[in-house]
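These are my notebook entries on a single chain. I set down what I looked up, entry by entry.

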Amino acid sequence: MKEITVRTQREVEAVDVTDRVAAEAKGVKDGVLFVFVPHCTAALITNEFEPNIKQDYEKLYSMLRREDWKHNAIDSNADAHLASATAGGQQFYFVKNGTLLLGTWQRIILVELDGPRERKILVKAIEG
Ligand code: ZN
């Protein structure tokens with residue numbers, strides 16, 4: 001298993017981590033790459049990552065901050081938990097000849113929801 005570290009810069013931030021994650025699939029002829037973010041206030045999504053949609057992801061998740069959530073009585077980050085819980089924190093990708101079988105516009109995106117922080121992404125490639 002490989003651990004990738006990402007230092008986020010803002011409170012809510014979408015970060016393209018495709019190249020760093022895909023590097024872990026090198027050498028896999030026909031297999032699967034499992035990717036997991038061990039955090040309650042970050043997410044991992046697979047989607048397009050052009051500049052406008054990047055801003056839209058950040059706007060969407062920031063909109064959750066407007067609500068008066070009960071968990072905010074504990075540590076004021078309920079919105080980050082809710083976004084993480086609904087977006088998800090794990091993905092898998094099929095691998096063929098060292099390449100992830102992503103759609104044309106698909107990228108692997110770490111979404112920081114309560115930053116800035118240092119985040120981990122755990123990656124494990126399985127052959128066969
Ligand atoms: Zn919390």
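Why are Glu58 and Lys54 separated by about one helical turn? I find them four residues apart in helix 2, which accounts for the spacing of about one helical turn. I take helices (H or I, at least four residues) and strands (E, at least two) as DSSP runs, numbered from the N terminus.

Basis of the entries. I work on a predicted model, where local features need pLDDT of at least 70 and side-chain atom pairs count only at pLDDT 80 or more, while totals for chains, interfaces and linings use all residues. I number residues from 1 along each chain as its sequence is written, and side-chain values use heavy atoms, with hydrogens and water left out.

Salt bridges. I require a side-chain nitrogen of Lys or Arg within 4 Å of a carboxyl oxygen of Asp or Glu. By this rule I count 10 salt bridges. Glu58 forms one with Lys54, with the closest N and O atoms 2.8 Å apart. I note Glu58 as buried, its relative accessible area being 10%; buried means under 20% relative accessible area, exposed over 50%, and partly exposed in between (1.4 Å probe, protein chains only). Arg10, Lys54 and Glu58 are linked in a network of salt bridges.

I also looked up Glu11, which bridges to Arg65 at 3.2 Å between the closest N and O atoms. This pair links distant parts of the chain, 54 residues apart: Glu11 lies in the loop between strand 1 and strand 2, Arg65 in the loop between helix 2 and helix 3. Glu11 is partly exposed at 41% relative accessibility, and Arg65 is partly exposed at 28%.

Aromatic rings. I pair rings of Phe, Tyr and Trp (its six-membered ring) if their centres lie within 6.5 Å; planes under 30 degrees apart count as stacked, over 60 as edge-to-face and the rest as tilted. The count comes to two aromatic pairs. Phe34 is in strand 3 and Phe92 in strand 5, 58 residues apart. Phe34, Phe92 and Phe94 form one aromatic cluster.

Strand 4. I find five of its six residues buried. Strand 4 pairs with strand 7 in the antiparallel sense over six bridges; pairing requires at least two DSSP bridges. Ala42 stands opposite Glu112 in strand 7.
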